[in-house]
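Here's a quick briefing to read with the model open beside you. Keep the sequence handy too, and look up each spot as it comes along.

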Amino acid sequence: MGTVVEAANKGANGSIPKKSPIVVFVLGGPGSGKGTQCANIVEHFGYTHLSAGDLLRAEIKSGSENGTMIQNMIKEGKIVPSEVTIKLLQRAMQESGNDKFLIDGFPRNEENRAAFENVTGIEPAFVLFFDCPEEEMERRLLSRNQGREDDNIETIRKRFKVFLESSLPVINYYDAKAKVRKIDAARPVEEVFETVKAIFASKNEKAD
């Protein structure tokens, strides 16, 4: 696994004298609408959308040795090490042929964040934080899945609590570096995207 990363790094330093990729972390609780907004950003600004969860699921499905290890860890209730997720993200970035990425649902916690910067040497250009009140997220998630309400509401509240406890330190860290772009995600999708567009338009002007 290390040799793949080494080879990729050599390629980046040697044959491709390109600047390091632009990475935007996308954070938001369950039901904050970040998936929809990521799809819009991909369409309008040419970013590649990488979801850490999707990459882990795809690796498990592939039946690779790495995938089996990930599956066993999840079965045993263990947390998949940051390095494993980061290597999957790195591989997807290299295979995409793009140099602009939305990394969705990662870093989930402070340890993920530090490991990503240590392993890749990349600091995000900024963090897109879809801020949505718990009541609004609950309303959206419950209308999306018509199951037994008590179960759903319990699960949703748990997920929201976990998101707050683990992700807030990450948001605070980048906020101190003036890298957080906080978006009021309780508004209609179109309004939210107008705000997102303005953020990416100013980013592109700076990058050009």
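Two residues are in contact, or touch, when they have heavy atoms within 4.5 Å of each other. With that rule, Asn 112 touches Ser 82, Ile 86, Phe 106 and Pro 107, leaving aside residues up to four places away in sequence. A heads-up before you go on: this is a predicted model, where local features need pLDDT of at least 70 and side-chain atom pairs count only at pLDDT 80 or more, while totals for chains, interfaces and linings use all residues. Residues are numbered from 1 along each chain as its sequence is written, and side-chain values use heavy atoms, with hydrogens and water left out.

**The whole protein**

- The protein has 9 helices and 5 strands; these are DSSP runs numbered from the N terminus, with helices being H or I of at least four residues and strands being E of at least two.
- Reading from the N terminus, the elements go α-β-α-β-α-α-α-β-α-β-α-α-β-α.
- Of its 208 residues, 41% count as buried; buried means under 20% relative accessible area, exposed means over 50%, and partly exposed is in between (1.4 Å probe, protein chains only).
- Take the contacts in the protein with a separation of 6 or more: 77% of them are between residues 24 or more positions apart.

- UniProt lists Asn 112 under "binding site", in an unreviewed entry; UniProt positions are given in the numbering used here, feature names are shortened, and annotations may be inferred rather than shown by experiment.
- You'll find Asn 112 in helix 6, which covers residues 110-120.
- Asn 112 counts as buried because its relative accessibility is 7%.
- The side chains of Asn 112 and Ser 82 are joined by a polar contact of 2.8 Å; that term means a pair of N or O atoms within 3.5 Å, and within protein one must be able to donate a hydrogen and the other to accept it, with residues adjacent in sequence counting only if both atoms are side-chain atoms.
- The peptide bond from Phe 106 to Pro 107 is cis, with omega near 0°.
- Pro 107 sits in the loop between strand 3 (100-104) and helix 6.

**Lys 34**

- Lys 34 is part of helix 2, residues 34-45.
- With a relative accessible area of 17%, Lys 34 is buried.
- Its side chain makes a polar contact of 2.6 Å with the side chain of Asp 104.
- Not counting residues up to four places away in sequence, Lys 34 touches Val 26, Leu 27, Gly 28, Asp 104, Gly 105 and Phe 130.

**Helix 3 against helix 5**

- Helix 3 (residues 52-62) packs on helix 5 (residues 82-96) at an angle of about 95°, and their axes are 10 Å apart; axes are lines fitted to C-alpha atoms, for helices over the stretch in contact, and angles run from 0 to 180 degrees between N-to-C directions.
- The two helices are therefore roughly perpendicular to each other, a label for angles of 65 to 115 degrees.
- Helix 3 brings Ala 52, Leu 55, Leu 56 and Glu 59 to the contact, and helix 5 brings Thr 85, Leu 88, Leu 89, Arg 91 and Ala 92.

**Two exposed residues**

- Lys 61 lies in helix 3 and is exposed, with a relative accessible area of 78%.
- Ala 178 is in the loop between helix 8 (149-175) and strand 5 (180-184).
- Ala 178 is exposed at 57% relative accessible area, and it has a positive phi of about 60° although it is not a glycine.

How values were computed. Parallel < 35°, antiparallel > 145°, perpendicular 65-115°, else oblique.
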